[in-house]
Amino acid sequence: AYAQTGTSAMFGNVDRKVLDQTAVLAYENADSDNPWVDLKVNLSFSDTTVSQSNSATLLGAIGDADYGYRTWQANIENTSEFDTGAWVHYLTYGVQGSFQERTANSTRGGGTA
């Protein structure tokens with residue numbers, strides 16, 4: 001158990017068991033002889049589950065709960081190098097995105113969310 005805001009018990013205590021499983025797939029092509037291609041790709045998946053119990057506040061219990069998050073992420077970027085006479089330029093561009101799904105089960109009989 002821990003106090004949510006420092007050592008003050010005013011906001012309550014709760015026991016939480018957190019399990020996080022994360023996988024990352026990364027690729028980098030920095031050794032290419034092509035100055036236009038310095039490709040980096042990163043794909044990841046995270047599955048986090050939380051089991052919350054024994055909550056207590058000055059106003060009463062907030063209820064036990066089981067919830068979690070599944071998160072998918074992708075990041076693709078490339079850096080191109082080119083020169084214009086006396087100047088060398090580096091242009092980095094790409095795309096990134098993520099998707100997160102939340103799962104929840106209430107022990108108060110409220111179902112899932």
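**Around T71**

Reader: Leaving aside neighbours within four places in sequence, which residues is T71 in contact with?

Author: T71 is in contact with S44, F45, S46, F99 and Q100 once those sequence neighbours are set aside. Keep in mind that this is a predicted model.

Reader: OK, which strand is T71 in?

Author: T71 sits in strand β4, which covers residues 65-83.

Reader: Zooming out, how many helices and strands does the chain have?

Author: The chain has 0 helices and 5 strands. Read from the N terminus, the elements go β-β-β-β-β.

Reader: What share of the residues count as buried?

Author: Of the chain's 113 residues, 16% count as buried. The chain exposes about 8,300 Å², with carbon and sulfur atoms supplying 55% of that.

Reader: What about contacts in the chain with a separation of 6 or more: how much comes from residues 24 or more positions apart?

Author: Residues 24 or more positions apart make up 52% of those contacts with a separation of 6 or more.

Reader: Switching to charges. How many salt bridges does the count come to?

Author: The count is 2 salt bridges. In one of them, the side chains of R70 and D47 meet at 3.7 Å, N to O. R70 is in strand β4 and D47 in strand β3 (residues 39-56), so this pair ties together parts that are 23 residues apart in sequence.

Reader: And which residue does E101 form a salt bridge with?

Author: E101 forms a salt bridge with R70, and their closest N and O atoms are 3.6 Å apart. Here E101 belongs to strand β5 and R70 to strand β4, so the pair ties together parts that are 31 residues apart in sequence. D47, R70 and E101 are therefore linked in a network of salt bridges.

Reader: How exposed is R70, going by relative accessible area?

Author: R70 is partly exposed, with a relative accessible area of 31%. D47 is partly exposed at 22%, and E101 is partly exposed at 33%.

Reader: Now the rings. How many aromatic pairs does the structure hold?

Author: The structure holds 4 aromatic pairs. One of them is Y67 with Y69: the ring centres are 6.4 Å apart and the planes are at 85°, so the pair is edge-to-face. Y67 counts as buried at 18% relative accessibility, whereas Y69 is partly exposed with a relative accessible area of 28%.

Reader: How far apart are the ring centres of W72 and F99?

Author: The ring centres of W72 and F99 are 5.7 Å apart with the planes at 35°, so that pair is tilted. W72 lies in strand β4 and F99 in strand β5 (residues 88-106), so the pair ties together parts that are 27 residues apart in sequence. W72 is partly exposed at 37% relative accessible area, and F99 counts as exposed at 51% relative accessibility.

Reader: Which residues do ring pairs link into a cluster?

Author: Ring pairs link F45, W72 and F99 into a cluster.

Terms used:
Residues numbered from 1 in each chain as written. Predicted model: local features only at pLDDT ≥ 70, side-chain atom pairs only at ≥ 80, totals over all residues. Heavy atoms only, no water. Helix = DSSP H or I, 4+ residues; strand = E, 2+ residues; numbered from the N terminus. Contact = heavy atoms within 4.5 Å. Buried < 20%, exposed > 50% of the residue type's maximum accessible area, 1.4 Å probe, protein only. Areas by Shrake-Rupley, 256 points an atom, 1.4 Å probe, with all protein chains shown as cover. Phe/Tyr/Trp six-rings, centres within 6.5 Å; stacked < 30°, edge-to-face > 60°. Salt bridge = Lys/Arg side-chain N within 4 Å of Asp/Glu carboxyl O.
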